[in-house]
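Thanks for making the time this morning.

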Amino acid sequence: MSIDAFPEVRSAGPRDSGLRFPAGFTFGSATASYQVEGATGEDGRAPSIWDTFSHASGNVCNGDTGNLACDHYHRWEQDLDLMADLGLGAYRFSIAWPRIIPTGRGAVNRAGIDFYSRLVDGLLERGIRPVATLYHWDLPQVLEDAGGWPVRETADAFAEYAAVLGTALGDRVHTWTTLNEPWCTAYLGYSQGGHAPGRREPAAALAAVHHLNLAHGRALEALRATSTGSPQYSVTLNLHVARGDAEAVRRIEAVGNRAFTGPMLEGVYDDDLIADTASVTDWSFVQDGDLARIRQPIDVLGVNYYSTNTVRMWDGTSSRQSHDGHKPAAGGSAWPGSDDVVEFVEQAGPRTAMGWNIDPDGLLDLLLSLRERYPAQPLMITENGAAFDDVAGADGSVHDRARIEYLRRHLTVAHRAIEHGVDLRGYFVWSLLDNFEWGYGYTKRFGIVRVDFDDQRRTVKDSGHWFRELATTGVIPR
Ligand code: GCO
């Protein structure tokens with residue numbers, strides 16, 4: 001269904017506020033282990049691919065690393081107090097695999113389990129639901145050395161890791177999320193090269209796609225078999241909202257979206273995806289029975305949304321545009337099979353400090369199209385937010401009106417989606433804290449809480465106060 005069917009729900013205007021979310025709608029914030037924890041060498045944690053990648057010169061702005069990040073590993077209690085003070089109903093965090101099984105397979109590191117166990121208990125004590133992601137990009141380096149996601153054994157290792165977590169935390173975690181944005185892992189990590197491990201091998205990236213999908217299915221099996229509570233199960237995808245020429249949009253949706261939703265939600269790799277990528281791989285890494293294991297019911301599909309893309313077919317001669325919001329641009333190709341035929345057209349503004357266009361209607365398009373295709377699948381916005389060039393006062397205060405406007409307009413759209421029948425269960429702002437923004441290091445700030453990286457002081461920004469009002473009243477504030 002096209003958005004044009006709902007002309008009245010388009011364009012959340014700047015004065016549109018006062019809308020109330022349904023009772024039970026979850027407001028939360030999200031972070032990820034390598035982006036906030038620091039303490040990379042403590043309590044038995046082994047290096048991840050992001051340690052290796054950020055320590056190698058030229059990969060991250062200013063040579064920044066996650067060595068200290070927000071020092072959340074030591075300041076977690078204070079950070080949980082902050083979340084409670086902000087009235088958050090849920091916290092979406094990720095677990096660092098190299099803290100749990102430092103050797104990738106085999107021995108479990110008790111200290112790693114204990115950290116997350118304390119974190120989960122601390123959340124529950126404060127009435128905040130723990131939403132735990134198993135993989136937000138910090139693969140143990142030892143597993144990359146053995147081939148990484150392009151090899152099938154990494155999915156085996158992931159299932160073992162999932163069983164360890166299910167056993168240790170599955171009595172208390174509210175929602176398990178297997179993977180965060182496997183698109184980034186596969187394509188930015190193994191083909192485009194802007195993310196760890198920084199490989200530029202399109203065929204390997206497509207093998208990584210499949211082994212991530214398989215890891216998702218196998219982890220769900222393992223979590224279900226070991227969790228003794230009654231957790232919900234989910235995965236988080238960054239689905240691309242592409243506009244423009246129909247054929248270019250079809251190609252981007254095939255390799256960018258349906259490569260994941262196909263197997264996970266329908267048990268198929270679509271024929272057009274196989275055809276588009278035929279010059280790159282023959283998909284022989286897909287074994288009998290894999291698709292049945294990947295397709296499993298999930299309680300909620302997590303959706304991360306920031307901006308849109310405009311695409312068109314490229315004739316191969318004119319000078320080529322490439323404005324697809326890579327983080328950051330890295331020379332390799334992020335769309336195996338379609339890089340040489342599709343170009344990304346520069347988007348109209350306004351933009352955030354990431355250079356990403358601000359287009360709340362894209363979120364509505366995405367939610368409505370998911371409802372159309374998967375009417376019975378509950379959805380959750382697991383990331384939405386914006387980096388801006390914050391100016392902090394001497395007391396750390398930040399008057400980030402632009403971020404408030406960004407959040408308000410997207411939340412308005414989320415509310416309208418619900419009014420139009422989308423089964424949307426919650427909204428997690430990215431991010432709780434300013435943190436390590438991958439290839440951009442500490443140069444991009446997404447937090448609703450400012451972090452002074454000199455002294456680790458936290459200061460709630462105006463957007464944080466605004467979000468508190470939203471979370472405690474359920475009404476979108478002005
Ligand atoms: C992602 C990740 C986050 C990012 C955020 C801003 O979406 O890439 O889940 O870790 O920090 O999206 O880029």
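This is a predicted model: local features need pLDDT of at least 70, side-chain atom pairs count only at pLDDT 80 or more; totals for chains, interfaces and linings use all residues.

The open sheet is formed by three strands in the order β6-β8-β9, and their pairing is mixed. The edge positions are taken by β6, residues 242–244, and β9, residues 342–345, and because each of these has a single partner strand, one side of each is left without a neighbour in the sheet. Averaged over the sheet and ignoring direction, neighbouring strands are turned by 45 degrees against each other. Within it, strand β8, which covers residues 309–313, pairs with β9 in the antiparallel sense over four bridges, and Val 311 is the residue that stands opposite Phe 344 in β9. Packed on this sheet is helix α10, residues 246–266, which touches β6, β8 and β9 and whose direction makes about 115 degrees with that of β8.

While we are on β9, please look at Val 345, which lies in that strand. Is Val 345 buried or exposed? Its relative accessibility is 16%, and since the cut-off for buried is under 20%, Val 345 counts as buried. Leaving out residues up to four places away in sequence, Val 345 touches Thr 310, Arg 312, Gln 321 and His 323. The C-alpha atom of Val 345 is separated by 12 Å from that of Ser 319, a residue 26 places away along the chain.

Let me turn now to the barrel. Eight strands close into it in the order β1-β2-β3-β4-β5-β7-β10-β11, with parallel pairing, and here neighbouring strands are turned by 25 degrees against each other on average, with direction ignored. Which strand is joined to β1 by five bridges? That is β11, residues 424–430, which runs parallel to β1, residues 26–30, and in this pair Phe 27 has Tyr 427 of β11 as its bridge partner.

Strand β5 is joined to β4 by four bridges in a parallel arrangement, with Asn 180 having Thr 236 in β5 as its bridge partner. Strand β5 also pairs with β7, again in the parallel sense and over four bridges, and there Ser 234 stands opposite Val 300 in β7.

Why can α8, residues 182–192, be described as largely enclosed by the rest of the structure? The reason is that eleven of its eleven residues are buried, among them Trp 183, Tyr 187 and Tyr 190. These buried residues pack against β3, α6, β4, α9, β5 and α10. The residue that follows α8 is Gly 193, with a positive phi near 90 degrees.

Tyr 187 brings us to the largest nonpolar core, which has 154 residues and in which Tyr 187 is one of those with the most contacts, as are Trp 50, Ile 95, Trp 97, Trp 149, Phe 158 and Trp 176. Helix α9 gives the most to this core, with twelve residues.

For a helix-to-helix contact, consider α3, residues 72–85, and α5, residues 110–125, which pack at an angle of about 10 degrees with their axes 10 Å apart. An angle of that kind makes α3 roughly parallel to α5. On the α3 side the residues are His 72, Tyr 73, Trp 76, Leu 80 and Met 83, and these meet a set in α5 that includes Phe 115, Arg 118 and Leu 119. By class, the contact of α3 with α5 has eight nonpolar, two polar and one charged residues.

I will finish with Ser 33, which sits in helix α1, residues 33–36. Ser 33 is buried, with a relative accessible area of 2%, and, apart from its neighbours within four places in sequence, Ser 33 is in contact with Ser 94, Ile 95, Ala 96, Tyr 116 and Asp 138.

How values were computed. Residues are numbered from 1 along each chain as its sequence is written. Side-chain values use heavy atoms; hydrogens and water are left out. Helices (H or I, at least four residues) and strands (E, at least two) are DSSP runs, numbered from the N terminus. Buried means under 20% relative accessible area, exposed over 50%, partly exposed in between (1.4 Å probe, protein chains only). Contact means heavy atoms within 4.5 Å. Two strands pair if DSSP finds at least two bridges between them. Axes are lines fitted to C-alpha atoms, for helices over the stretch in contact, and angles run from 0 to 180 degrees between N-to-C directions. A nonpolar core is a set of buried Ala, Val, Leu, Ile, Met, Phe, Trp, Tyr and Cys residues joined through side-chain atoms within 4.5 Å. Angles under 35 degrees count as roughly parallel, over 145 as roughly antiparallel, 65 to 115 as roughly perpendicular and the rest as oblique. Ala, Val, Leu, Ile, Met, Phe, Trp, Tyr, Cys and Pro count as nonpolar, Asp, Glu, Lys and Arg as charged, and the others, Gly among them, as polar.
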